[in-house]
Amino acid sequence: MKSAILGYAAKGVGQELERFSYEPPKLKNHEVRVSITHCGLCYSDIYAIDDQFGITAFPFVPGHEIVGYVSEVGPSVSGLKKGDRVGIGWQGRSCMQCEWCLRGDEHLCKDVVQNGVWMPYGGFSSSVTVDSRFAYTLPPSMPSEFAAVLLCAGIAVYAPLRSSVAGHRQKVGIVGLGGLGHLAIQFAHALGFEVTAISSSRDKEGQALALGADHFLPAPDKASLSQMKLSFDILLYTGHSSLDWISLQRTLRNNGKLVMVGFSPDPVSFESVDLVVHQNSITGSFLGSRMVMREMLEFAQERGIKPQVETMAMSQVNEAIRRVKDGRARYRIVLVNEPARPGTGAD
Ligand SMILES: [Zn+2]
Ligand SMILES: [Zn+2]
C-alpha cells in the first residue's frame, strides 16, 4: 500500500489552498512519479485558482515549476531511473500523435487543456505523476530553485527571443519587470539584443540595469513612450495588466512585432494604418517544445542566467500567493518542501 500524496488544493474558485491528500495514481506507460523538492509560484497558478482560463477542475492543486527526484518508474520509460533529479514545467504530457506533436511542437498539442502538469494534481505537493518525456534532466550544478523558475518563466521568454535573433543587433523592449520580465532581460542580453526594460515601477531601474538592460523606460508614460517612436524591433509583453497599446505600437520600427507571453486582461489592439504601413504584427508565444526546453536549460547554465528567487516553505503557500498578488515578490517565489534544502538562491 503506497502512502498518500500530500498537497495543497483550492476547493473552489478563488479559495485559499488547504491541505489535501490523494492516492498515488497507478503509473501508465511512459510515466514516472517525482518526489518534489521545489515548486515555483507562477502567475498562471493564480489565474487558474481563480478559474480565469475556464478549465480548472476543483479540488485544484496548482504548481508547475517543479524540481524533484524520480521516485518510481512506470512501464516503457527510457532514460530516467529512480533517484534522478528532474525538472518539469507546465506541460506534463502530450498526445504524441497529433500534427503538432509529430512535428515537434508538443507545446501546441491539440489536447493542450489535458496536458498541464496540474492534471490531475500539480506541484504544490509532495509528489507528482508525469509523462517521463516531459521530465527534463537538469545540468548537475544548476540549483534546483533556479531550475524550477526556468522551466516555465524561462522557457516562456527564451523561446520567442531565440526565434527572433537576426543577423544584426536588434532592439527589444521588455514590457513588465516581474518573474518573466527579469528573466527576459537576462536572456535578451545574453542573446545579443539591445535591451530596454519598460516598467511602471521606477524603483526597478537600478535592478533592470544590473540584470543586463541597456536602457530603462518608465511606463505607462505617454511622454516617454513618444520619445521612443519607431525604436523597437520587438516588444515582449511579460505583464498581466492592461496598457496603452497604441502608444506602445508607435515605438515599433518597420516589421516590428509585439510578442505576448503574459495575459493581458483586455484585448490587444493596434492602430490600423501604422499596422499596415510599418508592417507591424501582434503575436503570442506559448512556452516551447521539448527541444527548445533542453536548449534553454543548457543556455541558461552556460551563460549564467540567474533567476532572482525567494524561497518559502511549501506550507506557506497562501502567504506566497498574497505576496505575488500584491507585487511584493522579488522576483519569483519558489516553495520548498521540508526538510528545506540549504541555500536560498538569492544573491
Ligand atoms: Zn507558469
Ligand atoms: Zn498532440
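Visitor: What spacing do the donor residues of the zinc ion (ligand 2) have in sequence?
Guide: Donors are N, O and S atoms within 2.8 Å of the metal (3.2 Å for Na, K and Ca), and water is not among the atoms, so sites may look incomplete. Along the chain, the residues that hold the donors of this zinc ion are spaced C-x2-C-x2-C-x7-C.

Visitor: Before we go on, what kind of model is this?
Guide: Residues are numbered from 1 along each chain as its sequence is written, while chains are lettered from A and ligands numbered from 1 in the order in which they are written. Side-chain values use heavy atoms, with hydrogens and water left out; local features need pLDDT of at least 70, side-chain atom pairs count only at pLDDT 80 or more, totals for chains, interfaces and linings use all residues, and the model is predicted.

Visitor: Back to ligand 2, then. What geometry does its site have?
Guide: Its protein donors are the SG atoms of C95, C98, C101 and C109, which lie 2.3 to 2.4 Å from the zinc ion. Four donors count as tetrahedral if all angles lie between 85 and 135 degrees; four count as square planar and six as octahedral if opposite donors are over 155 degrees apart and all others between 65 and 115, and anything else is irregular. The ideal angle for four tetrahedral donors is 109.5 degrees. Here the angles run from 105 to 118°, and the site of this zinc ion is tetrahedral.

Visitor: Is C109 buried or exposed?
Guide: Buried means under 20% relative accessible area, exposed over 50%, and partly exposed in between (1.4 Å probe, protein chains only). C98 is at 8% relative accessibility, so it counts as buried, and C101 is buried too. With 2% relative accessibility, C109 counts as buried.

Visitor: Which residues hold the protein donors of the zinc ion (ligand 1)?
Guide: The spacing along the chain is C-x21-H-x87-C. One of the pairs ties together parts that are 22 residues apart in sequence, because C42 sits in the loop between strand 3 and helix 1 and H64 in the loop between helix 1 and strand 4. Both C42 and H64 are buried. At 2.0 to 2.2 Å from the zinc ion, the donors are SG, NE2 and SG, in that order, of C42, H64 and C152.

Visitor: With those cysteines around, how many disulfides turn up?
Guide: A disulfide is a pair of cysteine sulfur atoms within 2.5 Å. Searching the whole structure, the number found is zero.

Visitor: What type of ring pair do W90 and F286 make?
Guide: Rings of Phe, Tyr and Trp (its six-membered ring) pair if their centres lie within 6.5 Å; planes under 30 degrees apart count as stacked, over 60 as edge-to-face and the rest as tilted. That rule gives 15 aromatic pairs. For W90 and F286, the centres are 5.6 Å apart and the planes at 70°, so the pair is edge-to-face.

Visitor: Which ring does the charged end of R103 sit over?
Guide: A charge sits over a ring if NZ of Lys or CZ of Arg is within 6 Å of the ring centre and within 35 degrees of the ring normal. R290 does this with F134, 5.4 Å from the ring centre. For R103 the distance is 4.4 Å, and the ring is that of W100.

Visitor: Which residue does a cis peptide bond join to M119?
Guide: There is a cis bond from F58 to P59, with omega near 0°. For the bond at M119, omega is about -5°, and the partner is P120.

Key. Helix = DSSP H or I, 4+ residues; strand = E, 2+ residues; numbered from the N terminus.
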